[in-house]
Amino acid sequence: MWGGRTGALLRVSGLWPAGVLGRRPLSCNAASLAGRNSPQCWNCGAPGGPMREHGFFCPQCRALQPPDPARDYFSLMDCNRAFRVDTAKLQTRYQELQRLVHPDFFSQRSQTEKDFSEKHSTLVNDAYKTLLAPLSRGLYLLKLHGLEIPEGTDDEMDRQFLMEIMEINENLAEAQSEAAMKEIESIVRAKQKELTDNVSRAFEQDDLEKAKKMLTKMRYFSNIEEKIKLKKIPL
């Protein structure tokens, strides 16, 4: 799938890792990797440590290493650990990482590296999807701070908000026209935008409880968004 021509193009663009089939290194935020105590290389026994290239390859034999369990999604995607994320840079980083670790590039390597490649690729996909969407990004950031939002939090929400959600759900259930659906979509989109802005300010002010409350509300509206998508699917 990623044949010789593609490999040649990637070598020209400088996206192949150094020492792996002649690939050149991918630029990375060195500060985010400094001080990392990686185990020895499974292939040659060389120490990894902060010199383990990009957290993926052994600096000696260039063998692909297992994923670092201590590395969070923000570090992996070269982002600051914050709610505000440059999604364009996030997408670029995602594409660069997949060019490094995608299983198609390891079809001729050892079974160990093939297995590690699968794990890395899955991890990169999960990190990208998590950090791309404001709700999942916020929930993940809360988790890194030791906070999670359990299911069934209705008792903790104010009655006025729950009534608002109930009314929107009722209107959605009764909506028969495209115009009615678009109106509901517009309302939900505006609510999510307002809540996203509030979550961003809460994290900037280190007000985790407020961020948690706003994210809980976002999850309610996210459920409505899913219902809207399902209703658009023709039976």
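Biologist: In the salt bridge that arginine 81 forms with aspartate 72, how far apart are the closest N and O atoms?

Modeller: This is a predicted model, and the distance is computed from its atoms. A salt bridge here requires a side-chain nitrogen of Lys or Arg within 4 Å of a carboxyl oxygen of Asp or Glu. Arginine 81 and aspartate 72 form such a bridge, and their closest N and O atoms are separated by 2.4 Å.

Biologist: Is aspartate 72 buried or exposed?

Modeller: The cut-off for burial is a relative accessible area under 20%. Aspartate 72 has a relative accessibility of 13%, and therefore it counts as buried.

Biologist: Which residue forms a salt bridge with lysine 217, and where in the chain does that residue lie?

Modeller: Lysine 217 belongs to helix α9, residues 208-232, and the pair links distant parts of the chain, 59 residues apart. The closest N and O atoms of the bridge are 3.9 Å apart.

Biologist: Which burial class does lysine 217 fall into, and which one does aspartate 158 fall into?

Modeller: Lysine 217 has a relative accessible area of 14%, so this residue is buried. Aspartate 158 has a relative accessibility of 33%, and therefore it counts as partly exposed.

Biologist: How many residues apart are lysine 229 and glutamate 226, which form a salt bridge?

Modeller: The closest N and O atoms of this bridge are 3.6 Å apart. With a relative accessible area of 52%, lysine 229 is exposed, whereas glutamate 226, at 42%, counts as partly exposed. Both residues lie in helix α9, about one turn of the helix from each other, and their separation is three residues.

Biologist: How many salt bridges does the count come to by this rule?

Modeller: By the same rule, the count comes to nine.

Biologist: What is the relative direction of α7 and α8?

Modeller: The axes of α7, residues 159-174, and α8, residues 178-204, come within 10 Å and cross at roughly 155°. An angle over 145 degrees counts as roughly antiparallel. The two helices, α7 and α8, are therefore roughly antiparallel to each other.

Biologist: How do the residues of the contact of α7 with α8 divide?

Modeller: From α7, the residues Glu164, Ile168, Asn171 and Leu172 take part, and they meet Met181, Ile184, Ile187, Val188 and Lys191 of α8. These contact residues divide into six nonpolar, one polar and two charged.

Biologist: At what angle do α8 and α9 pack, and what relative direction does that give them?

Modeller: The axes of α8 and α9 are 9 Å apart, and the packing angle is about 160°. That makes α8 roughly antiparallel to α9. The crossing itself is left-handed, and the contact divides into 15 nonpolar, four polar and seven charged residues. In short, the angle is about 160° and the direction is roughly antiparallel.

Biologist: Which residues of α6 are buried?

Modeller: The cover over the buried residues of α6 includes α3, α4, α5, α8 and α9. Just after α6, glycine 146 takes a positive phi of about 85°. The buried residues within α6 are Leu135, Arg137, Gly138, Tyr140, Leu141 and Leu142.

Biologist: Which residues of α9 are met by α6?

Modeller: The axes of α6 and α9 come within 10 Å and cross at roughly 145°, and α6 passes α9 in a left-handed crossing. The contact residues divide into seven nonpolar, two polar and two charged. Pro134, Leu135, Gly138, Leu139 and Leu142 of α6 meet the α9 residues Leu208, Lys212, Leu215, Met218, Arg219 and Ser222.

Biologist: How far apart in space are lysine 210 and asparagine 198?

Modeller: Lysine 210 is placed in helix α9, and with a relative accessible area of 34% this residue is partly exposed. Lysine 210 and asparagine 198 are twelve residues apart in sequence, and their C-alpha to C-alpha distance is 8.5 Å.

Biologist: How many helices and how many strands does the chain have?

Modeller: Of the 235 residues of the chain, 41% count as buried. Among contacts between residues at least 6 apart in sequence, 60% join residues at least 24 apart. The chain has zero strands, and its helices number nine.

Technical notes: Residues numbered from 1 in each chain as written. Predicted model: local features only at pLDDT ≥ 70, side-chain atom pairs only at ≥ 80, totals over all residues. Heavy atoms only, no water. Axes fitted to C-alpha atoms, helices over the stretch in contact; angles between N-to-C directions. Helix = DSSP H or I, 4+ residues; strand = E, 2+ residues; numbered from the N terminus. Parallel < 35°, antiparallel > 145°, perpendicular 65-115°, else oblique. Contact = heavy atoms within 4.5 Å. Nonpolar A, V, L, I, M, F, W, Y, C, P; charged D, E, K, R; others polar. Buried < 20%, exposed > 50% of the residue type's maximum accessible area, 1.4 Å probe, protein only. Left-handed = near helix turned anticlockwise from the far one by under 90°.
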